[in-house]
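User: Could you take a close look at how the helices pack against each other in this one? I'd like the geometry and the residues involved, in plain words.

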Amino acid sequence: MIDAHQHYWRLDRGDYGWLTPSSGPILYQDYMPDMLKDELHHNGFQGTIVVQAAPTMEETTYLLQLCDKEDTLMGVVGWLDINASDFEQHYLRFRSHPRFVGIRPTFPDISDGEWGDHKQLIHNLSILAEDDCPVDLLVRPPGLARMAKLLSYVPNLPAVVDHLGKPDLSGKSDHLWADGLRAIAKFERTSCKVSGLATEGEFGNRRSAQVILPYIQHTIQVFGSSRLMFGSDWPICLQAGRFTDMRSMIEKALSYYLSTEEIDHVFGHNAVRIYGLQ
């Protein structure tokens, strides 16, 4: 079993621009592997994929260094400047590390969704597609259709939608989310993380599988079970519940639609294949 999406951070590194005292006492503290390890083992997880929490290459280096010391870290989804002319140079440097398994870049806000003028970005994504390197997409419903347009330029890119594309769990604007997710799923190399739902919108502490069932159902319909991965989004999830709560909520929701074998793949086998874990 593998958690395909969680974070570690140390505040004194200083590049987490979004982490401030106003983030609240739960988030505004250090989170390191020893704080999660026991709960991972208690829930039967062999390891995790840690995802960048800061848009810097220093963050990528830091997470890879953690991997060298921590045996539960199976892979790093780091950060690189996807628009940079020297992208390939830095990508190859990180790619030489066996635990570097993907990136979560920062995409420019293209309001009209027309990416044709962004030739450097498309070239860099083509490098990743050719090398079969996954790219995580942190995007909300209004941006899903724009990401689908971008994928039309690099249709073989192994793109991974984080947190189901952050649907509004109040039920508002469901069509925007549902249509956008379907548009991305049409590209066969795409996949999606069943993660981050417990802290979305007004959902808050209501850790109920019933609340997320419509969103889980649609995601399964468009991606199929073989392109889904479980992610705890720890420690972000601590605002709503423990790692164990996230695992139980997602497992229960999936059980309405998937077999035990399919759920097992969502909780590990798919991550091994999609991220090429060693």
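Analyst: Let's start with handedness: a crossing is left-handed if the near helix is turned anticlockwise from the far one by less than a right angle, and right-handed if clockwise. Keep in mind that this is a predicted model. By that rule, α5 makes a left-handed crossing with α6. Helix α5 covers residues 141–151 and helix α6 residues 174–185, and their axes come within 8 Å, crossing at roughly 20 degrees. Angles under 35 degrees count as roughly parallel, so α5 and α6 are roughly parallel to each other. On the α5 side, the contact is made by P141, P142, L144, A145, M147, A148 and L151, and these meet L176, W177, G180, L181, A183 and I184 of α6. Sort the residues of this α5–α6 contact by type and you get twelve nonpolar, one polar and no charged.

Now for the other pair, α7 and α8. Helix α7 (residues 209–223) and helix α8 (residues 243–255) have axes that come within 9 Å and cross at roughly 60 degrees. That angle makes α7 oblique to α8. The crossing of these two, α7 and α8, is right-handed. From α7, the residues in the contact are A209, I212, L213, I216 and I220, while α8 brings M249, I250, K252, A253 and L254. In the contact of α7 with α8, nine residues are nonpolar, none is polar and one is charged.

To put the two side by side: α5 passes α6 in a left-handed crossing, whereas the crossing of α7 and α8 is right-handed.

Definitions and conventions
Residues are numbered from 1 along each chain as its sequence is written. This is a predicted model: local features need pLDDT of at least 70, side-chain atom pairs count only at pLDDT 80 or more; totals for chains, interfaces and linings use all residues. Side-chain values use heavy atoms; hydrogens and water are left out. Axes are lines fitted to C-alpha atoms, for helices over the stretch in contact, and angles run from 0 to 180 degrees between N-to-C directions. Helices (H or I, at least four residues) and strands (E, at least two) are DSSP runs, numbered from the N terminus. Angles under 35 degrees count as roughly parallel, over 145 as roughly antiparallel, 65 to 115 as roughly perpendicular and the rest as oblique. Contact means heavy atoms within 4.5 Å. Ala, Val, Leu, Ile, Met, Phe, Trp, Tyr, Cys and Pro count as nonpolar, Asp, Glu, Lys and Arg as charged, and the others, Gly among them, as polar.
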